Amino acid sequence: MALSNVRRERNPLLRVRGLRKKLSLGWTYLILSAVAVIFLIPFYWLVITSLKPMDQVFTDPPTWVPDPILWSNYVDALTSPAFPFFRLLKNTLFYTVLSTTGVVVSCTFIAYGFARLDFWGKDFLFGVTLSTMMLPSIVTLIPTYVLFRWFGWTGSYAPLIVPYFFGSAFNIFLLRQFFITLPWELTDAARVDGASEFYIFSRIMLPLVKPAILVVAVFHFMWTWNDLMGPLIYLEDSTQYPLILGLSAFQTRFGVEWNLMMAASMSVVFPLLVLFFLAQRYFIEGVVLTGLKGV
Amino acid sequence: MNKTFNIDVPLGTVRRSLERSIHGLSGRKIRQNLTGYLFVFPWIVSLIVFTAYPMIASFYFSMTNYTILNPPRWVGLHNFEVMLTKDPLYWKSVYNSAYYAGLAVPLQLIVALALALLLNQKVQGIGFYRTAYYLPSLMPTVAATLLWMFLLDPRLGLVNAGLTALGLPRLGWLRSAAWSKPALVLMAVWSGSGWRMLIFLAALKEIPQALHEAAMIDGANAWQRFRFVTIPLLTPAIFFNLVMGIIDSFQVFASAFVSAGVSDSAGMGSAGPLNSLLVYMLLLYRYGFRYFEMGQASAMALALFVVLVVVTVLLVKSSGRWVYYEGGGRGV
């Protein structure tokens, strides 16, 4: 009885405010969706063009739905001699996986040193590390190439793999920030118990930084997959080409078969999308698990 | 005076303090330092081999004539002389990169900020939109460039079809000297806004709601709140995106390389109509890896590096005036 009295006494203006709130929510969704459409139209165009027969690629007015849907475009593009997909994929995976392994292995060690150990010159060295993150890569490009030439490593995958076993500024920074947030009592207790630093690192700290390692691995994998300059200057034989070089060469060899070219592009992009969607969950889980913000 | 010193201090104490200074505290310190260095050792190697040496070598190579097949030959400032006074393509590439950066940097900032503002709302499903806006930046630049080359086809590409539908004239895009760089900028805005937007979004979320509410109580409307609450607190993020944006834009390579490639597979011909796509990095790449003139390429790299350092330093200095850090501190 008392409840219904309260309800009758509620301010009638509130109903108007509720309506206004619904309208502004409507506007919000409208604008969000309009922008999303603008952003995603190129993606949509990429996908449907890859499924179109050639005579529907350039029509006036544009064809928004391919008819028939040519899945065979993918077969044609990926088996065409101009785009030997499986070899390109194998090459890409080869150096990308090795490079990512290198980054994960080296940067966890190095970041642990910066975060949990103390040594003379540590802050200065870390400052230098941060500044190299801002260093335009252009200035190291040529001498590094000359160096690898001198080693005899040009024409191989070595320049794309070996440097990453020695660290990478951005990943060191990321992991170091993460290491710092781990509880100090754990390591202090272990040190008091006489554990060696390496034991502390491998048995205690490493299992705790898995989320950050995942982030580093995913980011580096994607970056390497997309990188053009590295493979472009160091790989000379077209049988060594990764997907990214195969794609950029595709256009000069295949002229204007846009539908096949879009299919080839999709084959290079799609794994990244899958990886992103899979990893997204880990990012969130990882952040939630550790209560860490800002990674 | 014959004075024999009586060592009143017990020998044990002396011995113990000697031990401490040799094996004890200081020994532990040495071990501690060694352990630390052991862990970061690979990075020190990397810094020396892949950062310090290249930077020094860059100076050296830029003053040589070096074609890889023959040892470097010292030429002093000759490369710079040629670059700045005799090479018609050099200033063209500078103009192209500056034009591109001048358009791309502000546009990317504005679009990223606009998107972040849009995403900074607590509505159901905002995560879906955030993913949608971020998706383009996942594409490899090469693939995105190919896609846009297709969309921007002057005769029957989707973009020109859209322009025609709006009653606007068709544009030549990558086939026209005037519109080829804007075409690159359009690509850059589409695929580059992703991570900039995330940085702005993170910064926006840090702005305490209490500040907005206080401003509202004082009677500020949405625009005023934006100008006097949001923007000042965003200046660190704006500063970061601005500096990184400039550094990235002057080094743009992949999109120009792929766009120019259609007309020229050997890398020798005109990069785009009237060399309008010949950005700085593309010319440098040609000198270094097509003509194998490492000296010339190094000179170009050094020149750009110096310019970028100067610009960065100027921006950092100016940031003291317009970047506001929460907690009262002034930037740098």
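# Briefing on a two-chain predicted model

Within chain B, 66% of the contacts with a separation of 6 or more are between residues 24 or more positions apart. The structure described here is a predicted model. Chain B has 332 residues, of which 36% are buried, and its secondary structure amounts to 13 helices and 2 strands. Chain A is divided into domain 1, covering 2-50, and domain 2, covering 76-290.

**Domains of chain A**

- Where domain 1 and domain 2 of chain A meet, the contact draws 4 residues from domain 1 and 6 residues from domain 2.
- On the domain 1 side of this contact, the residues comprise 2 nonpolar and 2 polar, with no charged residue among them.

**Contact between the chains**

- The contact between the two chains takes 66 residues from chain A and 62 residues from chain B.
- On the chain B side, at least two residues each are supplied by helix H2 (25-62), helix H5 (126-134), helix H6 (141-151), helix H7 (158-165), helix H11 (254-261), helix H12 (280-289) and helix H13 (294-322).
- The helix that gives the most to this side of chain B is H2(B), with 20 residues.
- By residue class, the side of chain B that touches chain A consists of 48 nonpolar and 14 polar residues, and no charged residue is found there.

**Helix packing in chain A**

- Helix H4 (residues 85-116) and helix H11 (residues 210-226) of chain A have axes that come within 9 Å and cross at roughly 145°, and the crossing in which H4(A) passes H11(A) is right-handed.
- From H4(A), the contact is made by A:Thr92, A:Thr96, A:Ser99, A:Thr100, A:Val103, A:Val104, A:Cys107 and A:Thr108, while H11(A) brings A:Ile213, A:Val216, A:Ala217, A:His220, A:Phe221, A:Thr224 and A:Trp225.
- Taken over both helices, the residues of this contact divide into 8 nonpolar and 7 polar, again with no charged residue.

- Setting aside its neighbours within four places in sequence, A:Ile48 is in contact with A:Val65 and A:Pro66.
- The C-alpha atoms of A:Ile48 and A:Asp67 are separated by 10.0 Å, the two residues being 19 residues apart along the chain.
- The peptide bond leading from A:Asp67 to A:Pro68 is cis, with omega near 10°, and A:Pro68 itself is placed in the loop between helix H2 (13-50) and helix H3 (72-79) of chain A.

**Backbone exceptions**

- Most peptide bonds are trans, and most residues other than glycine have a negative phi.
- B:Trp173, in the loop between H7 and helix H8 (180-206) of chain B, has a positive phi, near 45°, although this residue is not a glycine.
- B:Leu274 is partly exposed, because 13 other C-beta atoms lie within 10 Å, whereas the exposed class takes residues with 12 or fewer.

Definitions and conventions:
Residues are numbered from 1 along each chain as its sequence is written. Chains are lettered from A and ligands numbered from 1 in the order in which they are written. This is a predicted model: local features need pLDDT of at least 70, side-chain atom pairs count only at pLDDT 80 or more; totals for chains, interfaces and linings use all residues. Domain bounds come from an automatic or database domain assignment. Two residues are in contact if their C-beta atoms, placed from the backbone, lie within 7 Å. Ala, Val, Leu, Ile, Met, Phe, Trp, Tyr, Cys and Pro count as nonpolar, Asp, Glu, Lys and Arg as charged, and the others, Gly among them, as polar. Helices (H or I, at least four residues) and strands (E, at least two) are DSSP runs, numbered from the N terminus. A residue is buried if 20 or more other C-beta atoms lie within 10 Å of its own, exposed if 12 or fewer, and partly exposed in between; C-beta atoms are placed from the backbone. Axes are lines fitted to C-alpha atoms, for helices over the stretch in contact, and angles run from 0 to 180 degrees between N-to-C directions. A crossing is left-handed if the near helix is turned anticlockwise from the far one by less than a right angle, and right-handed if clockwise.
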